Amino acid sequence: MTGDRWQQKARAEGNARITQIAVAGDYVTHAAGDGPLPPASLGLPAPPASLVGREEAVKLLTDLLDGGAGTGAGECGGEGGAPVMVVAGLPGVGKSALAVSTAHRAVEQGWFEDRVFFLQLHGYAPNGAVSGPQAVEEMLRSLGIRDADLPPSPEGRLARYRAELAALARAGKRVLIVADDAGSVSQVQGLVPPDGTHRLLVTSRHRLVAPGFAARVVGLEELAAEPAARLLADALLRTWPEDPRPAREPEALARIAELCGWLPLALTVAGALLAGDPGLAAGELAGELAQARTRLERLRVEGFGDGDVPVGVRAAFDLSYARLPADQARVFRLLTVVPGPDCSTPSLGVVVGVGGTESTAGPGAALRPALAALVRASLLTEQPIGSGRWRMHDLMRLYALERGAERAEEDGREAAIDGFLEVVALTVEAVQQTLGATLRSGELASVLSVEQALKWFEGERAMLVSAVGFAADSGRVHTALRLADALGGLLQLYGYEQDMLVVCRIGLEWARRLGGRDAVALALCNVSSALLRQESVEEAVGHLAEALALTRQTGDRKAQGIVMSLLGDAHRCMKRFEDARAAHEESVELFRELGLRNEEGMALAGLGHCLEVLGRPDESLSALREAVDLLGATGDRHREATYSEALGAALWRAGRREESLTVRKRARAVLVELGNRAAAADALMGLGDSLVHAKLPERALTHYQEALSLYGEKGEPKLRGMALLGVGRSQQAAGRLQESLVALQESCALLARTADRANEALATVGLSLTLSELGREAESVDMIDRAAELYALAGETENADVARAAAAEARSELSTDAPPRRLRDRFSR
């Protein structure tokens with residue numbers, strides 16, 4: 001290395017500083033205090049090869065670094081910037097990469113010239129971190145102070161550091177200090193610039209907040225899905241420019257990114273695994289990472305030389321976990337007892353035995369300090385802030401599960417799980433009773449109001465659905481089935497069909513494992529009911545055929561009645577109304593003979609629907625009235641109100657509009673009282689349809705808009721799409737064409753996200769009619785063509801043929817002066 005001159009720094013015993021200078025391959029060592037003057041800037045590490053998805057964070061930090069001087073020592077902010085910034089986030093989220101990249105951008109802008117310094121503080125290193133006084137001493141050397149000139153005491157060195165920065169500020173020379181991997185405020189407190197001229201940019205796993213330390217905290221989250229997948233692809237192409245996997249397996253790379261929790265460190269490790277094995281298919285790695293129990297072990301890259309330390313997610317998490325006090329570590333481990341995407345403070349209180357109900361500060365007050373400390377350590381987040389709901393990153397949760405398994409006996413984990421699931425089951429049963437979702441009595445019903453029950457159910461719904469599978473997987477099968485039985489009815493009544501299906505499938509899986517034919521038959525019925533609500537009719541019919549065979553083997557006549565009632569519903573979905581009528585009539589007779597009035601009422605409601613379609617309106621009304629009376633007599637207020645709406649709709653179609661409005665108003669009031677927004681919205685939709693047919697579009701519009709507002713709280717695309725279809729059609733009929741266009745375009749977009757091609761076709765027809773009324777004939781015809789395709793996909797061949805004929809006729813009329821008037825005649829409903 002002749003002619004080269006470079007410095008190598010090492011830590012001597014007692015933290016004394018040794019400077020080694022290599023000249024022409026020889027080393028000359030100087031003792032502390034007599035070395036040459038250090039350079040004015042030690043510089044920055046190289047910027048990351050790929051920084052994706054951080055544009056907003058880079059802009060924010062860049063803006064904070066920019067700007068003129070503040071107004072005083074230690075002030076956070078000042079016009080145009082902030083003297084002290086802390087980039088905080090969980091291990092591996094990319095804090096250092098962001099800080100270094102932003103610092104390089106500041107250098108490029110010339111804001112700090114060559115006065116940019118980088119300090120690696122090793123705040124979480126197991127063999128000791130750089131102390132605050134050591135950091136100040138390092139900065140004095142970086143600013144050009146010889147060891148011999150350093151004041152002897154820490155206080156003196158701090159004063160000298162501040163004096164040097166003040167002198168630079170007076171000279172108009174700004175300094176940027178990047179202090180990486182700080183583990184505490186004490187490590188960086190002394191580095192705070194004495195005025196607003198200079199900048200201190202800190203990275204830490206902790207949100208460094210303390211009295212006398214005024215810093216702007218910039219929280220860094222995991223990447224979004226698309227940038228995360230791009231980071232993986234970039235890593236492969238940087239190593240192997242001709243690598244075919246990014247182009248050949250984009251879905252697999254996206255899946256890997258998802259399984260990595262979009263965490264940059266995990267993505268980097270996964271990228272290294274793929275780059276290190278060019279023959280490893282991305283899909284194969286995705287399959288390996290899908291195994292939750294081994295995911296952290298797989299996200300690990302071994303060192304390549306003697307003494308090299310393996311790089312992995314678990315190792316990064318270890319450093320943060322090791323810093324936790326015992327009480328916080330126990331809370332961290334027991335957080336994983338609560339299943340689902342997040343955890344409420346009261347739920348965690350049940351698990352750790354700190355409910356806080358006796359505290360004057362309110363439930364959970366005793367737990368919040370420990371949880372807040374975990375948030376400051378970036379091991380947990382409160383989302384939204386102040387909600388008392390706590391969320392772990394997916395990989396952090398897997399890590400906490402590992403640590404929890406190691407300390408299970410010490411933590412009393414099994415007892416905590418039993419106690420938690422028992423409280424959950426009792427509360428679900430109490431909520432059922434309070435909301436009228438069961439005819440059985442509940443032990444806790446008297447302590448819950450409707451408002452409390454709804455708030456708990458809505459807030460904990462994701463946890464409850466997860467709890468069913470969690471209980472089953474942990475060997476508590478009977479608890480799982482108890483939860484599934486109680487929860488399924490609630491989910492059904494309140495319109496959470498997808499969650500209902502998840503719960504019912506778990507119930508079916510374990511009923512099959514336990515082997516009881518009666519239990520399997522009922523579980524098949526539950527799954528079929530959920531499938532019919534999802535319009536998965538073919539699968540539902542298959543399950544019902546199996547259930548019917550089982551009930552005939554066991555002689556369970558009640559179960560036979562349930563199967564026949566559901567078969568009637570399935571036949572109605574397939575428009576086989578005579579078969580539906582026969583099935584419902586058989587079901588009614590079975591329930592009547594057994595004296596099961598509630599089940600008889602539901603079967604009669606299904607029969608009433610069939611009879612109306614078959615042209616027997618008087619019999620239909622009679623069946624629906626009897627159904628409502630039976631359900632009311634059994635105290636089933638939800639279904640009484642729901643089928644009262646069906647009765648009201650039938651009365652309207654029979655020309656008895658005043659009676660219809662009275663029945664519907666009463667039904668909607670009950671549904672609102674019970675907090676059943678989904679059913680109340682369904683009722684509003686039904687009334688809106690009636691008013692449209694009665695050529696009262698403005699009144700219909702009000703009901704559709706109210707339904708849209710209620711559906712919006714759930715956010716399900718199909719429900720919102722159908723409500724917007726009603727809004728658009730009403731606006732179209734009222735001559736409000738521009739508003740109609742917007743509503744129908746959104747309706748089409750939402751319904752396209754579902755499997756409901758028939759209603760998407762109906763919305764597309766509505767859109768074509770509005771376009772035609774606006775004089776946009778060519779676009780209107782294109783929409784009719786699209787509707788024909790959708791009707792064909794839905795199996796509605798007659799409507800598809802009508803749409804094709806209308807499109808052909810309209811297209812031919814485009815070449816003439818005559819407007820395509822027959823378009824509305826063919827599709828108006």
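A crossing of two helices is left-handed if the near helix is turned anticlockwise from the far one by less than a right angle, and right-handed if clockwise. The model is predicted: local features need pLDDT of at least 70 and side-chain atom pairs count only at pLDDT 80 or more, whereas totals for chains, interfaces and linings use all residues. Residues are numbered from 1 along each chain as its sequence is written, and side-chain values use heavy atoms, with hydrogens and water left out.

**View 1. Helix 21 against helix 22, a left-handed crossing.**
Helix 21 (residues 497–514) and helix 22 (residues 517–533) pack with their axes 8 Å apart and at an angle of about 160°, where helices (H or I, at least four residues) and strands (E, at least two) are DSSP runs numbered from the N terminus, and where axes are lines fitted to C-alpha atoms over the stretch in contact, with angles from 0 to 180 degrees between N-to-C directions. Helix 21 is therefore roughly antiparallel to helix 22, given that angles under 35 degrees count as roughly parallel, over 145 as roughly antiparallel, 65 to 115 as roughly perpendicular and the rest as oblique. The contact (heavy atoms within 4.5 Å) is formed on the side of helix 21 by E497, M500, L501, C504, R505, G507, L508, A511 and R512, and on the side of helix 22 by A519, V520, A523, L524, N526, V527, S529, A530, L531 and R533. The residues of this contact of helix 21 with helix 22 comprise twelve nonpolar, three polar and four charged, with Ala, Val, Leu, Ile, Met, Phe, Trp, Tyr, Cys and Pro taken as nonpolar, Asp, Glu, Lys and Arg as charged, and the others, Gly among them, as polar.

**View 2. Helix 3 and helix 4, also in a left-handed crossing.**
The axes of helix 3 (residues 132–142) and helix 4 (residues 154–170) cross at roughly 45° and come within 9 Å of each other, which means that helix 3 and helix 4 are oblique to each other. From helix 3, P133, V136, E137, M139 and L140 meet P154, R157, L158, R160, Y161 and E164 of helix 4. Sorted by class, the contact of helix 3 with helix 4 has seven nonpolar and four charged residues and no polar ones.

**View 3. L140 in helix 3.**
With 0% relative accessibility, L140 counts as buried, a class that takes residues under 20% relative accessible area, whereas exposed means over 50% and partly exposed lies in between (1.4 Å probe, protein chains only). Apart from neighbours within four places in sequence, L140 is in contact with I145, L150, R157, R160, Y161 and E164. The C-alpha atoms of L140 and L158 are 9.0 Å apart, although 18 residues separate the two along the chain.

**View 4. V100 in helix 2 (residues 95–109).**
V100 is buried, its relative accessibility being 7%. When neighbours within four places in sequence are left aside, V100 has contacts with P45, A46, P47 and F118; of these, P45 is 55 residues away along the chain, with its C-alpha atom 7.0 Å from that of V100.

**View 5. S347 in helix 14 (residues 345–352).**
S347 has a relative accessibility of 9% and counts as buried. Residues up to four places away in sequence not being counted, S347 touches V338, F420, E460 and M463.

**View 6. Backbone at P384, D181 and K575.**
Most residues other than glycine have a negative phi, and most peptide bonds are trans. The peptide bond from Q383 to P384 is cis, with omega near -10°, and P384 is placed in the loop between strand 12 (381–382) and strand 13 (389–391). D181, a residue of strand 6 (residues 176–182), has a positive phi near 65° and is partly exposed, with a relative accessible area of 21%. K575 likewise has a positive phi, near 65°, but is found in the loop between helix 24 (557–573) and helix 25 (577–594), where K575 counts as exposed at 58% relative accessibility.

Of its 829 residues, 50% count as buried. The accessible surface of the chain, from the Shrake-Rupley method with a 1.4 Å probe, comes to about 37,200 Å², and 52% of that belongs to carbon and sulfur atoms. Among contacts in the chain with a separation of 6 or more, 62% are accounted for by residues 24 or more positions apart.
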